[in-house]
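Please read this briefing alongside the sequence and the structure shown below. The points are grouped by topic.

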Amino acid sequence: MSGETDYSEKVMDHFHNPRNVGKLEDPDGVGTVGNPVCGDVMKLYIKVNDGRIADARFQTFGCGAAIATSSMVTELARGKTLDEAIAISNKEVAAALDGLPPAKMHCSMLGEEALKKAIEDYRKKRGSGEAEG
Amino acid sequence: MKKIYLDHNATTPLRREVLAAMEEIYQNVTGNPSSVHFFGREARRRLEAGRKQVAETIGARPEEIVFTGGGTEADNLAVQGVAYASRSKGDHIITSAIEHPAVLAACRFLEKEGFSVTYLPVSREGLVSPSQLEEAIRPETILISVMTANNETGVIQPVAEIGEIARSRKVPFHTDAIQGLGKIPLSVEEMGVDLMSLSGHKVYGPQGVGALYIRKGIRVRPLTYGGHHERSKRPGTENLAGIVGFGEASRLARENLESEADRLRMLRDRLCSEISDRIPRVKMNGAPGLRLPNTLNLSFEYVEGEGILLGLEEKGVAAATGSACTSGELAPSHVLSAMEVEAALAQGSVRFSLGRENTLEDILYTVDVLVPVVKRLREMSPFYDPDNDTQGD
Ligand SMILES: Cc1ncc(COP(=O)(O)O)c(C=O)c1O
Ligand SMILES: [Zn+2]
């Protein structure tokens with residue numbers, strides 16, 4: 001039951017004031033990752049416009065690192081092209097948060113994976129004919 | 001900012017009287033208790049006074065107390081010590097799935113050494129079943145180890161019943177009573193135990209000092225070898241100030257045990273009722289009527305425990321959680337898992353453990369800051385559906 005609270009100020013800022021929280025109505029892509037047995041669950045929604053991520057929102061069940069990561073990954077994704085966004089790694093997200101404690105690096109995988117899944121979801125939907133702006 | 005400590009099952013603040021007793025040793029007693037000169041004899045006298053205070057607290061004789069470097073060491077000395085000393089008689093150990101890691105990891109180590117271990121399951125309420133325990137006893141069973149009260153849920157185990165079974169089947173019985181000390185009355189006779197682990201820092205004493213009660217006639221192999229200290233069960237020059245502090249802390253814990261237990265129970269129950277009145281979808285973990293008076297373990301649906309802790313911490317309140325992400329492991333608390341608490345609920349568990357310096361004001365403040373923290377985290381959660389809030393359980 002020992003607490004891992006040596007988070008950076010940036011992590012705490014994104015935990016206490018997360019950006020882009022919530023659902024997107026009519027999302028173009030959704031990615032859900034994680035499971036409560038292992039800790040964190042993240043659901044990431046994207047809106048795509050002209051091949052760029054116009055909006056990204058999240059809902060997260062998880063620890064401080066998971067929430068801060070979710071917030072940061074949506075910030076990083078917004079405005080990027082799909083190819084740029086799909087290349088965002090958990091290390092980049094962690095670096096943008098001024099680092100995470102080593103025991104919490106696995107939580108930052110969530111952000112990367114959720115974003116990739118949301119983009120794949122979008123591409124799959126488009127591939128199956130639902131033309132999308 | 002106001003700071004409220006609600007994590008007394010992790011450790012407790014040193015009592016002023018305990019600090020004074022320890023300071024007195026550091027300032028005035030310079031001898032080694034093993035030396036025969038005046039200085040040594042004075043140190044020995046203080047050491048034995050500390051031993052007597054600890055022994056009296058659990059109804060034992062002073063010569064049955066072995067001081068150790070803490071609770072973890074006491075647990076290991078009990079479990080490993082009895083196992084190795086009895087190897088010629090058998091190789092089977094019975095313990096429970098909810099023990100502290102100090103017992104569980106010692107048992108897992110012994111399994112690698114060729115012993116076989118039965119980890120008894122617990123009910124959803126967190127209780128070991130004495131009849132299941134009895135069924136698990138084999139001719140080659142050499143030790144039963146079941147804790148007095150669980151550190152995460154506060155659930156008090158049917159130790160006296162287990163003690164009776166152990167005695168009638170002639171199997172040595174160890175109990176980790178570390179969380180019970182100072183919170184509920186302990187008596188080695190009434191509980192029927194042969195070995196009992198205690199720790200100083202859970203009763204407003206110093207960290208790094210503990211004790212193992214070993215009933216006369218029970219054989220224990222030491223973990224380390226050296227001089228004849230502590231009847232050779234725990235060689236090494238004694239931590240005199242620590243032991244004196246531990247002695248004083250146990251004496252003080254005995255003094256107002258019942259009135260303080262009543263006071264804490266009232267505060268704890270108030271904390272629980274205020275939270276359930278103001279926050280929907282909260283579940284309590286552990287048998288309601290069979291818990292330590294100071295412990296409250298709650299699961300907040302739809303949210304994870306660490307988020308709650310961080311939110312509370314920002315407002316100056318310190319508590320604990322059984323969530324996996326906080327322990328650095330990938331599974332939630334082994335205690336809640338053994339109670340078959342659903343994974344998501346185990347991840348959303350928070351332990352509040354109250355103590356001497358807590359007041360009603362602290363409790364009400366805690367609830368006031370907790371309500372918005374949970375609300376905010378729920379609004380962020382993919383599992384949350386506000387429509388559920390109005391439905392009862
Ligand atoms: C039930 C129980 N057993 C053992 C221990 C370990 O005691 P210590 O911290 O003194 O090593 C603790 C406390 O951490 C405990 O709560
Ligand atoms: Zn996490």
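This is a predicted model: local features need pLDDT of at least 70, side-chain atom pairs count only at pLDDT 80 or more; totals for chains, interfaces and linings use all residues.

## An enclosed helix in chain B

Of the 15 residues of α3(B), 13 are buried, so this helix is largely enclosed by the rest of the structure.

**Helix and loops of chain B**

- Helix α3 of chain B, which runs over residues 71-85, reaches 20 Å from its first C-alpha to its last, and this is close to the 21 Å expected at 1.5 Å a residue.
- Asn9(B) is placed in the loop between β1 (4-5) and α1 (16-28) of chain B, and with a relative accessible area of 2% it is buried, because the cut-off for that class is under 20%.
- When residues up to four places away in sequence are not counted, Asn9(B) touches Asn151(B), Gln179(B), Lys183(B), Lys202(B), Asn294(B), Thr295(B), Arg351(B) and Ser353(B).
- Gly182(B) belongs to the loop between β6 (173-176) and α7 (188-191) of chain B, and its relative accessible area of 28% makes Gly182(B) partly exposed.
- Neighbours within four places in sequence aside, Gly182(B) is in contact with Val203(B), Ala253(B) and Leu257(B), while Arg251(B), 69 residues away in sequence, has its C-alpha 9.2 Å from that of Gly182(B).

**The contact between chain A and chain B**

- Chain B and chain A bury about 2,400 Å² between them, with 67% of that area on carbon and sulfur atoms; Leu310(B), Cys325(B) and Met380(B) supply 25% of the area that chain B buries against chain A, more than any other three residues.
- The contact draws 31 residues from chain A and 32 residues from chain B.
- Seven residue pairs are in polar contact between chain B and chain A, counting pairs with both residues at pLDDT 80 or more.
- On the side of chain B that touches chain A, the elements giving two or more residues are α10 (305-314), β12 (320-321), α11 (324-327), α13 (343-347) and α14 (360-380) of chain B, and the largest share, six residues, comes from α10(B).
- By residue class, that side of chain B divides into 15 nonpolar, nine polar and eight charged residues.
- The rule finds one salt bridge across the interface of chain B and chain A, and the side chains of Lys104(A) and Glu306(B) meet in a salt bridge at 2.5 Å, N to O.
- In helix α1 of chain A (residues 9-16), the buried residues are Val11(A), Met12(A), His14(A), Phe15(A) and His16(A); the buried residues of α1(A) pack against α2 (64-77) of chain A together with α10 and α14 of chain B.

**Salt bridges within the chains**

- Over all chains, the structure holds 35 salt bridges.
- Asp55(A) forms a salt bridge with Arg78(A), in which the closest N and O atoms are 2.3 Å apart; the pair links distant parts of the chain, with Asp55(A) in strand β3 (residues 52-61) of chain A and Arg78(A), 23 residues apart from it, in the loop between α2 and α3 (82-86) of chain A.
- Within this pair, Asp55(A) is buried, at a relative accessible area of 13%, whereas Arg78(A) is partly exposed, at 32%.
- Arg123(A) forms a salt bridge with Asp83(A), the closest N and O atoms being 2.8 Å apart; Arg123(A) lies in helix α5 (residues 105-127) and Asp83(A) in helix α3, both of chain A, so the pair ties together parts that are 40 residues apart in sequence.
- Arg123(A) counts as partly exposed at 37% relative accessibility, and Asp83(A) counts as exposed at 54%.
- Lys375(B) forms a salt bridge with Glu379(B), with 3.2 Å between the closest N and O atoms, and both residues lie in helix α14 of chain B, four residues apart, about one turn of the helix.
- An α-helix has 3.6 residues a turn, so residues three or four places apart point the same way.
- Lys375(B) counts as exposed at 52% relative accessibility, while Glu379(B), with a relative accessible area of 46%, is partly exposed.
- Elsewhere, salt bridges that share partners join Glu24(B), Glu42(B), Arg45(B) and Arg46(B) into one network.

Methods:
Residues are numbered from 1 along each chain as its sequence is written. Chains are lettered from A and ligands numbered from 1 in the order in which they are written. Side-chain values use heavy atoms; hydrogens and water are left out. Contact means heavy atoms within 4.5 Å. Buried area is the accessible area (1.4 Å probe) that two parts lose on being put together, summed over both. A salt bridge is a side-chain nitrogen of Lys or Arg within 4 Å of a carboxyl oxygen of Asp or Glu. A polar contact is a pair of N or O atoms within 3.5 Å; within protein, one must be able to donate a hydrogen and the other to accept it, and residues adjacent in sequence count only if both atoms are side-chain atoms. Ala, Val, Leu, Ile, Met, Phe, Trp, Tyr, Cys and Pro count as nonpolar, Asp, Glu, Lys and Arg as charged, and the others, Gly among them, as polar. Buried means under 20% relative accessible area, exposed over 50%, partly exposed in between (1.4 Å probe, protein chains only). The expected span of a helix is 1.5 Å times one less than its number of residues.
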